[in-house]
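Student: I am new to this one. Can we go through the terms and test each against its cut-off?
Tutor: Gladly. Here it is.

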Amino acid sequence: MRNLIEKRKKSRILIYFQAIFISIAYSACDKADYLDIDASERPPLSAKVKLVNVLSKNVPVHFWDFTRQINSDALTPNTASEDYLDTQYGKVQFNLTEGESTTYKASYLFGGSANFIQETDKNSFSGPNGPIATFYHSLFAVQKKSISKLNPGNIDSLILVYDDLSAPAADKIKIRFANFDINHARVSVLNSKGETLFTDVDYGTFGDQVKITYDENGKSAGDVPGLDWKSLGPFKEVDTQDLHTITIIDELGRDLDVTAFANLSITSGKIYTLFISKDFQSNRIIGTVISH
């Protein structure tokens, strides 16, 4: 009898711990944690990128993450990929090729963290993180202002920014502006009322951008005030009715007469990137509008 009682006690204890184990296992699975899901059922993790060709040369380009071609259709000058495309995230080497050539005209290593951080103490790069999983980005191929001492083989340059795609108010739009016209070192932007939207936008930068400065060794300061993922290529929310035309003026206050910006076709509630660049045929300034 005693042995029978002991066996029943052990049986009840075993069932109790089995119940606890099953409860814990179920609880863990119920959290739907990425690592707790079967590999075949996990949603793919990737960063999203819109590719933009701003090079002042009559040649289409392809973008690559490491050795994988991102865009199937080559991008002609002053055009962007219609949609956001999947790209790798974390530490990513973006490369650029022209035409049918497989020779890299630009090759840059970005990032190294799962979240936005300011990287420091790098020999070839010092600054913010690269592509982040589930984030949206824009990657611009632009003309290099001067030959890099660190990467003299890079004929062209690549600029990566993060895209804040939160919607503006119904009667407003979100815009950002970039100066990619190497003939104009600094410009300002006025709206339809003649009010200043962006002031002193240097070549290769965006209006109201938090700027990162580098020393001769390619290193930035240990802390850049105001730097976050939204401040590298920031959007500004403005009234739609004030943006049917915009004027670009140079350092001397002269109107640069950008035809594309004289009668903008824009829609309330939308998000746009506007930039100026140099036309590869006429060498004149041109304007481009990209919708996000």
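Tutor: Start with a definition: a salt bridge is a side-chain nitrogen of Lys or Arg within 4 Å of a carboxyl oxygen of Asp or Glu. This is a predicted model: local features need pLDDT of at least 70, side-chain atom pairs count only at pLDDT 80 or more, and totals for chains, interfaces and linings use all residues. Residues are numbered from 1 along each chain as its sequence is written, and side-chain values use heavy atoms, with hydrogens and water left out.

Student: What makes Glu251 and Arg186 a salt bridge?
Tutor: Their closest N and O atoms are 3.8 Å apart. The limit is 4 Å, so the pair counts. Glu251 lies in the loop between β17 (247-250) and β18 (271-278), and Arg186 in strand β13 (residues 186-190), so the pair ties together parts 65 residues apart in sequence. Strands here are DSSP runs (E, at least two residues), numbered from the N terminus.

Student: Why is Glu251 called exposed?
Tutor: Because its relative accessibility is 53%. Exposed means over 50% relative accessible area, buried under 20%, and partly exposed in between (1.4 Å probe, protein chains only). Arg186, at 34%, counts as partly exposed.

Student: Which residues are linked with Arg186 in a network of salt bridges?
Tutor: Asp202, Lys211 and Glu251. The whole structure has 14 salt bridges.

Student: How do you know that Asp156 and Lys57 form one?
Tutor: The closest N and O atoms are 3.3 Å apart. Asp156 is in strand β11 (residues 156-162) and Lys57 in the loop between β1 (47-53) and β2, so parts 99 residues apart in sequence are tied together. Asp156 is buried at 3% relative accessibility, while Lys57 is partly exposed at 27%.

Student: What about Asp250 and Arg254?
Tutor: Their side chains meet in a salt bridge at 2.7 Å, N to O. Asp250 has a relative accessible area of 9%, so it is buried.

Student: Now the rings. Why is the pair of Tyr84 and Tyr136 called edge-to-face?
Tutor: Rings of Phe, Tyr and Trp (its six-membered ring) pair if their centres lie within 6.5 Å; planes under 30 degrees apart count as stacked, over 60 as edge-to-face and the rest as tilted. The search finds nine aromatic pairs. In this one, the centres are 5.0 Å apart and the planes stand at 90 degrees, so it is edge-to-face. Tyr84 is buried at 17%, and Tyr136 is partly exposed at 33%. Phe135 and Tyr162 are edge-to-face too, because their planes are at 85 degrees and their centres 6.5 Å apart.

Student: What sits over the ring of Tyr84?
Tutor: The charged end of Lys50, 5.2 Å from the ring centre. The rule asks for NZ of Lys or CZ of Arg within 6 Å of the ring centre and within 35 degrees of the ring normal. Lys236 lies over the face of Phe198, at 4.6 Å.

Student: Last, the open sheet: what is the order of the four strands?
Tutor: β3-β2-β6-β7, with antiparallel pairing. β3 (68-69) and β7 (106-110) stand at the edges with a single partner strand each, so one side of each has no neighbour in the sheet.

Student: How do you know that β2 and β3 pair?
Tutor: Pairing needs at least two bridges found by DSSP. Two bridges join β2 (residues 61-65) to β3. Asp65 has Arg68 in β3 as its bridge partner.
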